[in-house]
Amino acid sequence: MAEPVLELRNVSRRYRVSGEKSLFGKTFDAVRDVSLKVMPGETFGIVGESGCGKTTLARMIMCLERPSSGEIWLHGRRIDNLSESARRALRPRFQMVFQDSGSSLNPRKRVEDILREPMLYHHVGDAKQVDGRVDALMDMVGLPLEMKKRYPHEFSGGQRQRVCIARALSLNPDVLVLDEPVSALDVSVQAQILNLLRDLQEKMGLTYVFIGHGLGAVHYMSHQIAVMYMGRVVETGPSDTLFNRPAHPYTKALLDAAPTADDTLRNRKRVELSGEIEEADGEASCPLLPRCPFSRENCRHDGLTLKEADGRMTACARILELDGKQACGSTF
C-alpha cells in the first residue's frame, strides 16, 4: 500500500484566552487530538460548521503554526518539530488556495508578476524558464495568455480564483490546501472551478486537503472526509459512505440541515440538535453530549474515541449498540 503524503498524529492546538494574563489562565482548545492520513493523488475533505477548527488545522498543515501536542509527518519525515528556518524552507511544499481570491492577490501587480514572484523567490529557474512556466500555468487553468498583463481587479471572481490556483501550482507542491475555494463564487462558477480542480488532479496526480462547509462541494471533490465538531474529528471515512449512511448524530444533523429539492428527502425524519454550542461537562465527555437527542449515560465517558463501524471511524458510544450495521438515528 502507498504511504501517506501527509499524516497527522493526535494533533492539538491550544490558545490562551484573550485578556487572561495569569500564567495559569484559561485556555481554549481549537483542535483536539486529530489524527488523519492524506494519501497521494487523493482529496481529503474536512467539513464542519464555522468555528469547529478547520482553518486552525489548515494553518498547522501549512507550517504556519506549531501544534501544542501531537506530530505532523510529510512523506515519512516529522516536520512539526523543525527549526523555523527549516520550516520556512519546507513551506513551498504546501500551498493554499483561499476563499477570498480578491484579497489574496496583490492589487498593485499584474498577473504575470503574481505568478512569477514565488518561482523567482524560491529559485525555481532563471527568468526565461520562469516566463515559460507562467505561460504554461495560464494555459493550465484555462486563462488566455493576453490576460497575464492585467491586474486582479480586471478579472471576474472565477477568473481570479483560477489565478490563485495557478499561483499555488507554480512551486509544484506536495499538498494543496483548498480553504473553501468556491464558497464566495456563483453556483455556476463553483462548478467550473471544482471541475478544473478535479481535471488538474487527474492529469498531475495532485493531493488536496479540501476544507469547507458546503456539503455538496466537499462530497463532489473528496475521496475521504473528516467531520469536525468543536475541534474534534467525530467521524471519518469514505466520502460516499459518510453522505449516504452517516453514523454519528452530528454528521446526520449536518446533512439534514442542508436544503434539498427532493421531496422524499425533505419529508424524512431529521436529526435536530437542541441548544447552543457549549463545552461538555468534563474533559472526558463527548463534545456533542449537551445537544445530542440520542445521548445516554454511557456517552459521558465513551464518546471521544473513534471506533470502527460500517467502513468508517465514528466517535459515538451508541453506535456500538448497532454493531456498526445501521446509521445513527435510523433505529435509535
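How do α3 and α5 lie relative to each other, roughly parallel or roughly perpendicular? Let me start there. Their axes come within 8 Å and cross at roughly 25°. Angles under 35 degrees count as roughly parallel. So α3 and α5 are roughly parallel to each other. One caution before going on: this is a predicted model.

Stay with that pair for a moment. The crossing of α3 and α5 is right-handed. From α3, the residues in the contact are Val111, Ile114, Leu115 and Pro118. From α5, they are Val163, Ala166 and Arg167. By class, that contact has six nonpolar residues, no polar ones and one charged.

Some overall numbers, quickly. The protein has 332 residues, and 49% of them count as buried. It has eleven helices and twelve strands. Now take the contacts between residues at least 6 apart in sequence. Of these, 60% join residues at least 24 apart.

Back to α5, which has another partner. Helix α5 covers residues 157-169, and α6 covers residues 187-204. They pack at an angle of about 20°, with their axes 10 Å apart. That makes α5 roughly parallel to α6. This crossing, too, is listed as right-handed.

Who touches whom? On the α5 side we have Gly158, Gln161, Arg162, Ile165 and Leu169. On the α6 side we have Val189, Gln192, Ile193, Leu196, Leu197 and Leu200. The residues of this contact divide into seven nonpolar, three polar and one charged.

Here is a general point to keep in mind while looking at those lists. An α-helix has 3.6 residues a turn, so residues three or four places apart point the same way.

Ser101 sits in the loop between β6 and α3. Is Ser101 buried or exposed? Its relative accessible area is 5%, so Ser101 is buried. Leave aside the neighbours within four places in sequence. Ser101 is then in contact with Gly157, Arg160, Gln161 and Cys164. Take Gly157 from that list. Ser101 and Gly157 are 56 residues apart along the chain, yet their C-alpha atoms are separated by 7.0 Å.

Now to strand β8, residues 208-212, and to Phe210 within it. Phe210 has 2% relative accessibility, so Phe210 counts as buried. Which residues does Phe210 contact, beyond its neighbours within four places in sequence? Thr43, Phe44, Gly45 and Ile46 are among them.

Lys54 takes us to helix α1, residues 54-61. This helix is mostly covered, with six of its eight residues buried. The buried ones are Lys54, Thr56, Leu57, Ala58, Met60 and Ile61. Just after α1 comes Cys63, with a positive phi of about 65°.

Positive phi turns up at other places too. Asp33 has one, at about 50°, although Asp33 is not a glycine. Asp33 lies in strand β2, residues 27-38. His75 also has a positive phi of about 50°, and again it is not a glycine. His75 is found in the loop between β4 and β5. What about solvent? Asp33 has 44% relative accessibility, so Asp33 counts as partly exposed. His75 is at 44% as well, so His75 counts as partly exposed.

Last item: aromatic rings. How many aromatic pairs are counted? The count comes to one. The pair is Tyr229 with Tyr250. Their ring centres are 4.7 Å apart and their planes are at 45°, so the pair is tilted. Tyr229 lies in strand β9, and Tyr250 in helix α9. The pair therefore ties together parts that are 21 residues apart in sequence. Both tyrosines are buried.

To wrap up, back to α5. Helix α5 is roughly parallel to α3, and α5 is roughly parallel to α6. Ser101, from its loop, contacts Gly157, Arg160, Gln161 and Cys164. That's my tour.

Notes:
Residues are numbered from 1 along each chain as its sequence is written. This is a predicted model: local features need pLDDT of at least 70, side-chain atom pairs count only at pLDDT 80 or more; totals for chains, interfaces and linings use all residues. Side-chain values use heavy atoms; hydrogens and water are left out. Axes are lines fitted to C-alpha atoms, for helices over the stretch in contact, and angles run from 0 to 180 degrees between N-to-C directions. Helices (H or I, at least four residues) and strands (E, at least two) are DSSP runs, numbered from the N terminus. Angles under 35 degrees count as roughly parallel, over 145 as roughly antiparallel, 65 to 115 as roughly perpendicular and the rest as oblique. A crossing is left-handed if the near helix is turned anticlockwise from the far one by less than a right angle, and right-handed if clockwise. Contact means heavy atoms within 4.5 Å. Ala, Val, Leu, Ile, Met, Phe, Trp, Tyr, Cys and Pro count as nonpolar, Asp, Glu, Lys and Arg as charged, and the others, Gly among them, as polar. Rings of Phe, Tyr and Trp (its six-membered ring) pair if their centres lie within 6.5 Å; planes under 30 degrees apart count as stacked, over 60 as edge-to-face and the rest as tilted. Buried means under 20% relative accessible area, exposed over 50%, partly exposed in between (1.4 Å probe, protein chains only).
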